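Let's read a sheet and a cavity together, one question at a time. Have your viewer ready.

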Amino acid sequence: MVNLKVNRYLFSLSEARTVEVQADMGENVDLSQLLFQFGGKSLSEWKKWTSGTNFNGDPFITLIEEPQFVEGTTIVKATLEFGLLFNRSSLATRTIRTQYQKFIGYYELAMIDPQKKIKAVTTVKLNVYDEFLFYHQLKTEIDQIFEQANKKNDRYLKYQSLGKSVQGRDLHFVILARDKETVDKYLNETLPTALENPERLLEKLKNGTMGNYQVPIWFNNIHPDEVEGTDAQVELLKTFALGDEITFNTVKNDNERTVSLNVDEVLDEVIFLFMFTNNPDGRVANTRRNTNGFDLNRDNHFQTQVETRLVTQEIAKWTPLSFLDMHGYVGGFLIEPTTPPHNPNYEYDLLYNNMIEQAHSMGQAGLGNSSFHSYLIPALDYKAGWDDMSPGYTPMYAMLHGSLGHTIEIPALSQKGFRAMVGTGLGAVLFVTENKDELYKNQLEIFKRSVNGEDNRAVDEYFVNASGESIGRIRGENKNFFPDYYLIPFHKNQQKNNLEAHRMIQYLLRNGVKVKQTTKYMKINGRMYPKGTFVIPMNQAKRGVANAMLYMGDNVSEWGAMYDPIVVNFPDLRGFTIHEIRNAGVFDQYLNEINSVTTPTGKIIANAPKQVLSNTNNDTIKLVNMLLRNGAIVEKAMETRGGVTKGDFIVRTNELQAFGKNYYFEARSLDTSNPIKTEQLQLPKVAVTGSSQLKYTVKELGFDLVNQENADVIVSDSSSLIVSNLSGKSYVGIGLSALTAVKNRGLLSGYNFVYTRNGHEGLVKAKIKDHVLTSGYKTDELLYTTSGAWITSVPEGAEVLASFSNRDDFFVAGWWPRHENAKGQILAFTHTFKDTTITLFANDLAFRAHTHYSYRFLANSIFDSEGS
């Protein structure tokens, strides 16, 4: 074995490179007979990708300079070109993105003399771009940077895992600062003062007595298959942890200039926060979604996934000034801010101009650091369709905390894409360090307005209609867009879901919102509130966070395009009672602040043989499934009588005592002197076809999932429907795809529906019929849909379960052009024929695991299935 010398060891799937190889092959070598291998295969076997999973194009590696002797020696040299395996420099096409990573790794490169049986070898690496790291390499690389920095300087570096992903992987998080005192001062002095008394810091900035202070810049990646976002952060960490002077280029109006940053001076101004990937499992699997199948960049408001909860809690803790979320791969090099409509809970006038300027600074540095020639800013270059109405995106969530929040989209998965992303980070840092006082002043002004309860009209010009006319925040008859307080009662006569109410309090506390409790009974607006009622005062720095999650929402149906659903509204979608109070100061001297709250559990009031469990919350459904799984007897009431409501569950007291300790339920003793009609339940076997969110929801409710052949009930929100599997079963179809599947199979004579567009969404007023499948719901409810559909006719004998309200104001919030045609139409019905029951819902029951209040429609339908 002979050593093969090469002038480079690193090759790229996104950048063509040549390599000169040399080896002493001895005497009497026939140069024409020499062979070359890569990874044990001849060069001719390495074909370029053509389509799909086909690699049958021209050779990927070619010999561009034939073997020849180095003059006067037996050393043979040759030159190879490693071209583009996928025949393109950007691997952003999704078909390629699912395949390229299998080619990353170390390979043997060899020059062989077959006659003399001499083999000259070396090991080289093939990567997508030089700096790409698999998830398992991330921590090692971070540790090496820490080790080098500890030897080189005394900068403060701290690693922490924010917690574990669904599959148990660490969420790596790194803090880089001048020293530990800098971090402690920010978290324990500067930030608390900013949130409690921003005017104090504003005065210091004004009179020049602020002294040294630092502000956080947060780098983020949430879509791990948009890979540069993670690797660019590692590069930026390395640059600022190890560098002394950083020099880079920026391009403005085709003019290039060189910029230098002194790192010690930068660290006098900022604290760096690196969230390398919010989705470690996705980084491993090379997928956008997490293990549960959720796009985490649509979950920063709902926070149903563990990864999102961990990251948003940390964002709330740090309240960064600048927030960069690194993405790809749209058609252009895109840097936010966005088009309207904008979420009215942002103080947009204090964000917009600085975000525009920071976007330019990032774009110019991105161009200077790469071979891209242009960038675009949606706020300036688009009219609609790239909005920030939803706080589900990580930067938009950060904007509620007063951050300059940017999504950055590079158009190419490539070496130059990586370089451009690094450039955006450098440009962002440059902008913050050059404008820190002005930027921080604006963030403090956001907090000042919030603490003072001020609804400043300067924001109104940024909130426009589809014609571009300023409409401001929609205040109705109120002078202030924000209420003075939100009250969340917990007494059973005032709160329809005490469990969800307590979970909302936990949510608010986790997200940096102050929550208090009343210290005495109080009468407000003619209603008595018991001592201990939860109060969210809105004169606090994080009022935008609270209001974005608690307010009703807006109707933006006039817009021709929206990027994603916008309705958040925890009270109505999760189903708990909240009261808006507009009486300034009425509670202030009767409140105690709380730091935590424990969710309630159920209580058994009496020692009667049997208990009635009200069908009023999802924990009760979980409990019923737990009881059934453990062989307990559970009956379902089939009529309303004697204090028992149709659809309630009847269980034995001793079995409830044994299995109900960790669940919230509302129980009362059963009056056996007044017998009612019941059905005994069996644990249903459920098959789910369709979305990950539906499967997640059904499992969360405690049902056992099986294949269709073994199921009692098939639940689906997809177009997949195998008619032969329906015999002897129930089918529960949810949303447009399921409506279409049933219609196309011709299963129900007389059934029809129409729709505007899948994705049209809305919170709507609905009328609910009295039926066992609607147990736990009232006649008038608010329901949610993203299907844009309604049912126009049902089969003869079918039972209508719910309809859109016939009122002109039936549409409450959302984006649903032409929703007017749904007024009074059917939302859901059930029909039994032969040995099958089909129940169809035109609306969504499990949208992104947020619509908790609709889950019991689903559970009721499952429990009512044939075989239960």
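The dialogue below takes up the sheet and then the cavities of this predicted model.

Q: How do I read the pairing in a sheet, and what is the strand order in the open sheet of 5 strands?
A: Strands of a sheet pair through backbone hydrogen bonds, either parallel or antiparallel. Here the pairing is antiparallel, and the order runs S32-S29-S31-S30-S33.

Q: Which are the edge strands?
A: Look for strands that pair on one side only: these are S32, residues 667-669, and S33, residues 678-680. From one strand to the next, the twist averages 30°.

Q: Which helix packs on the sheet?
A: That is helix H16, residues 618-629, which touches S29, S30 (634-637) and S31 (649-652). The direction of H16 makes about 45° with that of S31.

Q: Over how many bridges do S29 and S32 pair?
A: S29, spanning residues 610-613, pairs with S32 over 3 bridges in the antiparallel sense. To find this pairing in your viewer, go to Leu 613, which stands opposite Ala 667 of S32.

Q: Which residues line the largest cavity?
A: Its lining includes Asn 343, Met 389, Pro 391, Tyr 551, Asp 554 and Ile 566, as well as the run Val 567, Val 568 and Asn 569.

Q: And how does that lining of the largest cavity divide by class?
A: Sorting the residues by class gives 8 nonpolar, 3 polar and 1 charged.

Key
Residues are numbered from 1 along each chain as its sequence is written. This is a predicted model: local features need pLDDT of at least 70, side-chain atom pairs count only at pLDDT 80 or more; totals for chains, interfaces and linings use all residues. Side-chain values use heavy atoms; hydrogens and water are left out. Two strands pair if DSSP finds at least two bridges between them. Helices (H or I, at least four residues) and strands (E, at least two) are DSSP runs, numbered from the N terminus. Axes are lines fitted to C-alpha atoms, for helices over the stretch in contact, and angles run from 0 to 180 degrees between N-to-C directions. Contact means heavy atoms within 4.5 Å. On a 1 Å grid over the protein atoms alone, a cavity is a set of points where a 1.4 Å probe fits but cannot get out, and a pocket is an open set with protein on both sides within 12 Å along at least five of seven lines; lining residues have an atom within 4 Å of a point. Ala, Val, Leu, Ile, Met, Phe, Trp, Tyr, Cys and Pro count as nonpolar, Asp, Glu, Lys and Arg as charged, and the others, Gly among them, as polar.
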